[in-house]
There are 4 protein chains.
Amino acid sequence: MTVSSHFSSHDLEFIDDDEFHEECGVVGVWTAQDAASLTALGLHALQHRGQEASGIVTYDGNNFHSHRGLGLVGEVFADPRVISALPGGVAIGHNRYATTGETQIRNVQPLYGDFEFGGFAVAHNGNLTNAQLLKQSLVRRGCLFQSSTDSEVFIHLIAISLYTNVIDRFIDALKQVQGAYSLVALSKDMLIAARDPLGVRPLILGKLPNGQEENSWVVASESCALSSMGADFVRDIEPGEVIIIDNNGVRSIHPFSGHTSSRFCIFEYVYFARPDSVIDNKSVYMARKKIGAELAKECHVDADVVVPVPDSGVPAAIGYAAASNIPFELGIIRSHYIGRTFIEPTDQIRHLGVKLKHATNRAVIEGKRVVLIDDSIVRGTTSKKIVEMVRAAGATEVHLRIASPPTKHSCFYGIDTPAQEKLLAYIHDTNEMCKLIGADSLGFVSSDGLYRALDEEKRDNQNPQYCDACFTGEYPISLTDHDMNLIKSK
Amino acid sequence: MTVSSHFSSHDLEFIDDDEFHEECGVVGVWTAQDAASLTALGLHALQHRGQEASGIVTYDGNNFHSHRGLGLVGEVFADPRVISALPGGVAIGHNRYATTGETQIRNVQPLYGDFEFGGFAVAHNGNLTNAQLLKQSLVRRGCLFQSSTDSEVFIHLIAISLYTNVIDRFIDALKQVQGAYSLVALSKDMLIAARDPLGVRPLILGKLPNGQEENSWVVASESCALSSMGADFVRDIEPGEVIIIDNNGVRSIHPFSGHTSSRFCIFEYVYFARPDSVIDNKSVYMARKKIGAELAKECHVDADVVVPVPDSGVPAAIGYAAASNIPFELGIIRSHYIGRTFIEPTDQIRHLGVKLKHATNRAVIEGKRVVLIDDSIVRGTTSKKIVEMVRAAGATEVHLRIASPPTKHSCFYGIDTPAQEKLLAYIHDTNEMCKLIGADSLGFVSSDGLYRALDEEKRDNQNPQYCDACFTGEYPISLTDHDMNLIKSK
Amino acid sequence: MTVSSHFSSHDLEFIDDDEFHEECGVVGVWTAQDAASLTALGLHALQHRGQEASGIVTYDGNNFHSHRGLGLVGEVFADPRVISALPGGVAIGHNRYATTGETQIRNVQPLYGDFEFGGFAVAHNGNLTNAQLLKQSLVRRGCLFQSSTDSEVFIHLIAISLYTNVIDRFIDALKQVQGAYSLVALSKDMLIAARDPLGVRPLILGKLPNGQEENSWVVASESCALSSMGADFVRDIEPGEVIIIDNNGVRSIHPFSGHTSSRFCIFEYVYFARPDSVIDNKSVYMARKKIGAELAKECHVDADVVVPVPDSGVPAAIGYAAASNIPFELGIIRSHYIGRTFIEPTDQIRHLGVKLKHATNRAVIEGKRVVLIDDSIVRGTTSKKIVEMVRAAGATEVHLRIASPPTKHSCFYGIDTPAQEKLLAYIHDTNEMCKLIGADSLGFVSSDGLYRALDEEKRDNQNPQYCDACFTGEYPISLTDHDMNLIKSK
Amino acid sequence: MTVSSHFSSHDLEFIDDDEFHEECGVVGVWTAQDAASLTALGLHALQHRGQEASGIVTYDGNNFHSHRGLGLVGEVFADPRVISALPGGVAIGHNRYATTGETQIRNVQPLYGDFEFGGFAVAHNGNLTNAQLLKQSLVRRGCLFQSSTDSEVFIHLIAISLYTNVIDRFIDALKQVQGAYSLVALSKDMLIAARDPLGVRPLILGKLPNGQEENSWVVASESCALSSMGADFVRDIEPGEVIIIDNNGVRSIHPFSGHTSSRFCIFEYVYFARPDSVIDNKSVYMARKKIGAELAKECHVDADVVVPVPDSGVPAAIGYAAASNIPFELGIIRSHYIGRTFIEPTDQIRHLGVKLKHATNRAVIEGKRVVLIDDSIVRGTTSKKIVEMVRAAGATEVHLRIASPPTKHSCFYGIDTPAQEKLLAYIHDTNEMCKLIGADSLGFVSSDGLYRALDEEKRDNQNPQYCDACFTGEYPISLTDHDMNLIKSK
């Protein structure tokens, strides 16, 4: 077996990759029979948060066990021998959006270290904004980094902490990092779950029913993982809260008390979260429908059909259609058979303008004025192609409506965005964008419209209710590394 | 390399498999640069017709080249060396719904034989009803069967035909077989495409644009493959028609003239075909919407939301919602990350009632009277689970509406159906079905309603316009093997 | 899984391939618990007869089971699930020297067919000399060939035979083929083993001890397989003999009675067979030592050390050293870590004259007059390299002695030889060969010397005791295909 | 791709594993075109020093590149894309005797770290005797260990060193470790090679010829790697010497000056090194022959044949045969087709006493008094089996002669030995051993005989010329971890 046997230089390059990518999903289980299986099922439900790699660490009372691999959860954990090799009643798991290769398997989480106090594993969703600065001083001190992930900083900070018990060391580490994080961690005595003081990324607590062991809990990035795990929703973990689950049950610590306030990522509602998740008591699906309705109000246009760009545009399109009383139709069909590798086309074939991922449904488009609903515009390349396709299928007019404000700023809190110079909305105003994309008209929901869809009166510009830095450029957490030029732009 | 390295005894068994399965899709290209690539792209667009195996045969003017593998098209043909090993300007390809293993790779099409007149490859969508009888006499004659597919009968009939040229031999073979078939075949001189006299399975002709070579044609099971191949629609191939494409262009033969009439599979409109395909000038998507509208008329119920069972129930649900003026909502979310293998759950976990493929979206279901729209009921196990899930998500009433009449009879023309005794509608009437499934009410579209959705006034009981044997038991082609007990029931 | 996932265009090309290759080994077991395992162990012991592919067919009383794969026996059958999928108390197996790829897996034996009388599997060591002629008429008759092996002719001849029982059909087939064959075949009622009338290739019968079932037999290409299988030697199967093993025990038929005489391949003693095998009561190892002794007598030279080209030259070198009283030394070390694939060197590295397979042991060569012993010269490229290496290691003289007469003629009876024009001894006399190879002297054992080493007084030129066509060009079996130009020269 | 996809619980367990295992081989190249290829070829020649895993790190002037995998060098580096992904003119490589699995890939060397001064890679042959003690204090200090290898201690010691330049840090680390090591290391500016003060493990310096770049050097564990790399021997690296190769050429440092003396591992001559290697101006092959001659003198017995246990016993058997004037014969044949995985036999088959690795050559054994020559006795299980096999092949007497003194003590300097309690010579005297093994007589070469074979007059008991702790229990380097009970016995 060679570890770097997958070469993917051509992978996916033919497939349009003009999307934002959530970088991770996390799961924890304490305690259940078949904790590894249960964790895998939870990770499966969080597959949309990271499709490139997956890992699980378990503890069986004596030893930690780990399996990490590149691929979908269903691939990495399909072999029953893999699950058998992960015994124990407690587990944490991680999905990752990442690339392939040996050098990269190092980066697949959960990360694990043998500490003076025993083994410790961490899985992280988010991104630290002072990781490079911390890394510099850690390296100077003699710490060796084995991965190129920000997340490894946690591990080293815990390792060098002078506190004696695990929780104190963990909190000591938390206090030194800046950025967005939803963490699950596993020691031999406890499962820990933590959210950063602003609660940028989601994290929820659930309970396994009786029939499983009595003191059985799960944590997961989103509530949609609960039904996959047969668990019930308990509550969102709060911004700045640290949850400790051990044999005595669940305990909560607020190490940042006084300094926290919620600035949850508004884009989770727009695009990242699964529509059946409920975050902070708000249904993601309903939020998207309401954004669609706001959009219909704010950017009305006379048209014959409302067509979503599947799958992410569907709920907003349903909302738009209902509010505007224009029929909702599946005018674009999306193929779900495209995996991590695919046929690499020759130039000859590229020139045919072949479309692999989307196909138009001419029957509902031909001769029609089409309102096309998408969640966002990143580089604009997809939007341009889709508009062309819809026109080629006979649309007489194509009006593009976007269920978020223009994304003009990069995310530094856990979302993979292009460099700012590549964001279409950063380099062009709406009119120019419309021309470049080739639409007859282009409209975005307003910032206030988006906040209204989330049941706010409007955006509170003094204390914004959400992190909306990608729209506004108002970054609620310092961008230390960025400001010190410690990270390369893409 | 070992050929039977995939062991799949546990594959998919956890995943609900209560569906009908189309058994194949076919593609042919004459002539194009990168014919193999183009064929692979066409097969990708036909992936819904068979996801378990795929193969392509090309001819480069001197030699035939073949590659067949188990898996999705994108997996089987992802390695650029595979495509490089398939040179030539003409090609045929095949998708298959089939099982894994060495013994099974024999069954992956296209089938190929070295004949006296040279190489000949055949790819077949459909099923022969006298294959076993023919096979018996061929074996008695000394013919050796290398696969267990019905399709191999074609190859042997061609081999032993006393005619001298390829087309005469091919037609000689066609005249001996009974059943449903859409075929593409490749010799060194021509590409042949043929449909059985009743045209049970679809097959269309397309044209590659100039820029590619001038005399460049494609054939494919469905029109949805054309946009993937950059080709334009020309026409449906007619029931009983044989199309010959060679360096002189396209020619048509009707060897069964006088004995053909169209009995196209009505279930292709209901479920099998991709919604963006157009068959016999009728949009599949529009047909499904109309079925939904008929269903709303025939089986009205007061309700708060219309929820499709995704993905197949979506167009009918849109039609139902529009006709009934009840809001359409995505109340069920389907995971598209389930591949051919998956995590095998322990019993412990099965008992948690874990759902992998579908999840409910409680926000649009809770407290609502739900009309649930699905395309058909096979064994009923899925319907039962879905109804349970929807109730568990808080629905106050669950009314199940099915966009086809009750399926009471097995298909012998190319669809994988359970034995008749396992079809819920065969063993129970609608009331009993409703109770077993646990719905508050259950309704099917009527036979005439279905025909109306296809723009017929009603079913012509003397000369039915479609093959609807699965609903009516009226089999338009003799079931020779079945009647002679030459095939085992499942 | 894709079947042709191994691409080996570069495989081995760097590794000197200037050798003859035995094309197959066969094994049969009737009856034993774990017949598949036992067969695999027997095939392992015959690995030297074919290293590229391997297959086993078993019968369990109800069904035949087959597994075939590319690679060493230990690789193809390493997965315990493979063996589990081969249940049954009877089995046949085959090793093959062959190439890789999907098109080639068709050629991996045992070949199997579903006949009117049931399943039948055949494994063949040897080569037919009228296979193409037979194939032509079989194809004309409508038989479809699935492989490109000569061996498939057997299967079709059996299929079309008008006899009713298996043995009669089998013998009917044997009587139509010309060439060399040692066959094992399996039907649901019996295991059959057969050698061609001249017994060109080896085949022996063995018995499993009590403790296994009572009526338990094995057949194998060479006796060296017996200890791997825990079986005892019974006897050589005779030229022209057909052995039938069924529940009544072992029976023998001589269908060619009157027309057989032994012309066993003399090169099996020289090179192909494993040294610990005993063929026709003669130890292969002892035969090789005696050839070495003859060589010492016939081509004496004053020297300081006798160095074998390992591994095949070792026994002859031991014999030479003993007869000449010159010390035997391991002056060349052979790497056994070279598998089917290997690092492909850049041109840069090729120019370094890198040697992967052989290395010299300077300590025993430097300053010495070396007698180098090899089994044969094919193209001469290896001999040239080895002589250069030995000189580079400081030998003052290098005298090459070959333990067989000059090989001037291609083999048509089951050995992969280059075309005659590429055989160094065909295009050059010994003096020229010596110069080309760069040795100080070159000597071959004489034909009579070789026969003496096999306990004959000398070669009987009227009725040669062995097939020695590769040395003499006297082909004891008609070369029908070759004479009719039905096979391409290489 | 999943990383731990290989499960090898059954691997090799059927294959007798009663041998010592060298734990590593190392190679370094500075500078050459295709440095990675060249390194792979060198590792291939050192394959006998570690067959389970292999890795290479290169530096291309800008970046470090790494590929590590489980398997033979020829497998890990067969794919040309792997070599292409290792650009650069300098490289180090490592072979490892190790186990499989994801957790283990961490342990495959070269180890690599990103330090304050840049990247640094280390490959290590040997074993540290205070690694656990160092590790304890490093972990206490907050260092995180990513592998379970002793070698990682080097990396951390370098990381935390307060010296500023690479060499000073490296030497700082060397001065803190105890044990045996031959190291190669690579920074962006230099290749470093070092041997421990006693030079327990081998390491040599070679030079690439002109034609390659001028300042082109290689280092390797043994001289046998040089011909594979097209390089010339320069000299052994001295005990305690540190060699630095950079763009200015080769420099030498002796950081331990005054404290070094040679205690080279005598067992390298007996068994580990390849026979064509020359170590400290002594041919390994000639040394083994001389041991055989000493053995013939010290433990003479009347016999008919001398038979080596292949392959390691061959040179000593040649020496024994020459000295005793008893004929040397290949009475045991060894299969070279056994790889890392193999067929797992059923119990049924185990009881047949199947032999996979060795087979007897009855023709030279039957009726003979046999002197059997092996290099050493570990647990004795192999010896017992071999003696049984030789008797079963008809030997009238079997006299076992061992080309080393009794191995009574575990090695702590880089050789994988069983716990002392499992060493047959520790728990039994020679008479008992002889009985247990079932031989007619058993003899070992004496300690002085072994030293004589290495051109010493005798063992200097005050200052032994070699490390012979496995025979004498005199450990020349402190066993700190062992004495402090920091390592588990096996």
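This is a predicted model: local features need pLDDT of at least 70, side-chain atom pairs count only at pLDDT 80 or more; totals for chains, interfaces and linings use all residues.
A:Asp374 sits in strand β21 of chain A, residues 369-374. Helices (H or I, at least four residues) and strands (E, at least two) are DSSP runs, numbered from the N terminus. A:Asp374 is buried, because 22 other C-beta atoms lie within 10 Å. A residue is called buried if 20 or more other C-beta atoms lie within 10 Å of its own, exposed if 12 or fewer, and partly exposed in between, with C-beta atoms placed from the backbone.

Next, show the contacts of A:Asp374. Leaving aside neighbours within four places in sequence, they are A:Val309, A:Gly313, A:Ser383, A:Leu400 and A:Ile402. Contact here means that the C-beta atoms of two residues, placed from the backbone, lie within 7 Å.

Move to A:Asp375, in the loop between β21 and α14 (381-392) of chain A. A:Asp375 is buried, with 24 other C-beta atoms within 10 Å. Among the residues it touches, not counting those up to four places away in sequence, are A:Tyr271, A:Ser312 and A:Ser404.

Now select A:Ser312, A:Asp374 and A:Asp375 together, which an unreviewed UniProt entry lists under "binding site". These residues spread over 64 residues of sequence but cluster in space, with a largest C-alpha distance of 7.1 Å. UniProt positions are given in the numbering used here, feature names are shortened, and annotations may be inferred rather than shown by experiment.

Stay in chain A and select helix α1, residues 35-45. What fraction of the residues of helix α1 of chain A are buried? The count is 11 of the 11, so the helix is largely enclosed by the rest of the structure.

Go to chain C and select helices α10 (residues 284-298) and α11 (residues 314-324), which pack at an angle of about 45° with their axes 6 Å apart. Axes are lines fitted to C-alpha atoms, for helices over the stretch in contact, and angles run from 0 to 180 degrees between N-to-C directions. α10(C) and α11(C) are therefore oblique to each other. Angles under 35 degrees count as roughly parallel, over 145 as roughly antiparallel, 65 to 115 as roughly perpendicular, and the rest as oblique.

Last, select D:Leu442 in strand β24 (residues 441-444) of chain D. D:Leu442 and D:Leu400 are 42 residues apart in sequence and 4.8 Å apart in space, C-alpha to C-alpha.

Residues are numbered from 1 along each chain as its sequence is written, and chains are lettered from A and ligands numbered from 1 in the order in which they are written. Local features need pLDDT of at least 70, side-chain atom pairs count only at pLDDT 80 or more, and totals for chains, interfaces and linings use all residues.
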